[in-house]
Amino acid sequence: MTQQTPERPNGGPGAGAMIDEDWEALRFRVHRSAYRDPEVFSEEVARIWGQTWLYLGHETEVPNPGDFKTRNLGGRPLILVRDSDGQVRVFFNACTHRGTVLCRHSEGNAKFFQCFYHAWAFSNAGDLAALPGDDAYPDDPAFRASMALRQVPRLDIHEGFVFIAFTEDVPDLLTHLGPAAHYMSLTAKIGDRGMTTLPGVQSYSVKGNWKLAVENAMDGYHFAPTHNTFVGYLRETGFAVTDDDQYAYDLGGGHGLLVLTGHNGRIGMVWEPRFGEEEKTRTTAKRREMQARLGDDLAAEIADASRILFVFPNLLLFDLEALTIRQLEPVAPDRTDVRAWQFVEVGEPESVRALRIKTMVSFVGPGGLATPDDIEAYEAVQRGIVATADAGDPAHDWSDMSRGMGNEKQGNQGRSIDEGAMRSFWRHWAHRVQATTTVGGTPPAGPAKPGPSPLLAGTGSPQEGA
């Protein structure tokens, strides 16, 4: 029997139901305060960003000893650095003396970091290297050791992707990633000489809640209507766009995956006319190289479909025309900072690199035919959800995500144009922030999940994220 939905929450996840899930009525709704309430945002910062693995960057961003990048994550300034011995480290960007931001450059190469306030200096391995007037301090090695830079409590790397956690109390990284680890590994196997990020980062701010960016990425339903200009362009070039054979997967732990065929071409993988005849020849040769190196099955898995992978809570991999790494940084309930990098094959010909970048900026780049549409869509949602706040009728202050529940209830694989991947994200979100959920009827046993990973066979496949 369906439980009665409580009144609108007034003060965060514990004040009333944030999610209304009814398998008899085939209804799934999220209360709109989840996108706008400062107390909800505070709970997210504490219970999600402060208590789980977060994607920080890729180790190829700091390829040489001394290379460093600074960026904020979870609202905290950090230094990502490769020390002089070649080890990747992550420090809080704060001088241990008085807390001053230590490194004020966004990137560079340095053996030492010196604080501008009192000139304390630290090696790129975090050791206190010098402090002016050291005769005024205890002549004690333990004192100097105690003033070393503070490293983040947990750091681990999977296929070059650097993750950190602000608490020791997290599972190992592969357990957190679960099946998502396999799809990250697929991207790492594309190049026969490896993969690397390109120098430079696309950075922009969105006037919208971070969860709207996740919804947008996991929502194949919006592709044709929102990006109709791009769809029309592809059709004019001779590429037939279709929604057939496109599916969504719940990878557990809040992670989600869209597998898309007939969505677009992919440089070196799936040719389309706008790429030109030279790239058509190279695509055929690239497939042969991958088959020889990886075997037919794994080569086909990598090459034959586009994918959008979401790793909870802040990593998106867009393996579409080109391969883009995107990172989300919540700033406020109604603002999200986004960073994006291009992930490319090491040593690919300059002509291919130029085509890849040109193709990327035409769609998923900040000025392309897709990303501005997407930003306008979720900024419009953020503006619109204010309209029904405190409007007197709590039944109207919900956002519906019910599409495809009937299909899911029958045990069928979810389609990308349904909203199943969004529902799995919201269920895990509610678990993490301890938000109240009303559930009516009997939920299905669960949608189909991708099959066993040939890439991880024999190495101990990671458990599904908790």
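1. Let's start with the sheet in this predicted model. Four strands form an open sheet in the order β6-β5-β4-β7, and their pairing is antiparallel. The edges belong to β6 (88-92) and β7 (107-109); each has a single partner strand, so one side of each lacks a neighbour in the sheet. If you look at how neighbouring strands of this sheet are set, they are turned by 25° against each other on average, ignoring direction.

2. Strand β4 covers residues 67-73 and strand β5 covers residues 76-82, and the two are joined in the antiparallel sense over six bridges. As a reminder, the strands of a sheet pair through backbone hydrogen bonds, in either a parallel or an antiparallel way.

3. Now for two helices, α9 (residues 277-294) and α10 (residues 296-303). Their axes come within 7 Å and cross at roughly 135°. An angle over 145 degrees would count as roughly antiparallel, and 65 to 115 as roughly perpendicular; α9 and α10 are therefore oblique to each other. The crossing of α9 and α10 is right-handed.

4. Which residues of α9 and α10 make the contact? From α9 come R287, M290, Q291 and L294, while α10 supplies D296, L298, A299, A300, I302 and A303. Sorted by class, the contact of α9 with α10 has seven nonpolar residues, one polar residue and two charged residues.

Technical notes:
Residues numbered from 1 in each chain as written. Predicted model: local features only at pLDDT ≥ 70, side-chain atom pairs only at ≥ 80, totals over all residues. Heavy atoms only, no water. Pairing = 2+ DSSP bridges. Axes fitted to C-alpha atoms, helices over the stretch in contact; angles between N-to-C directions. Parallel < 35°, antiparallel > 145°, perpendicular 65-115°, else oblique. Left-handed = near helix turned anticlockwise from the far one by under 90°. Contact = heavy atoms within 4.5 Å. Nonpolar A, V, L, I, M, F, W, Y, C, P; charged D, E, K, R; others polar.
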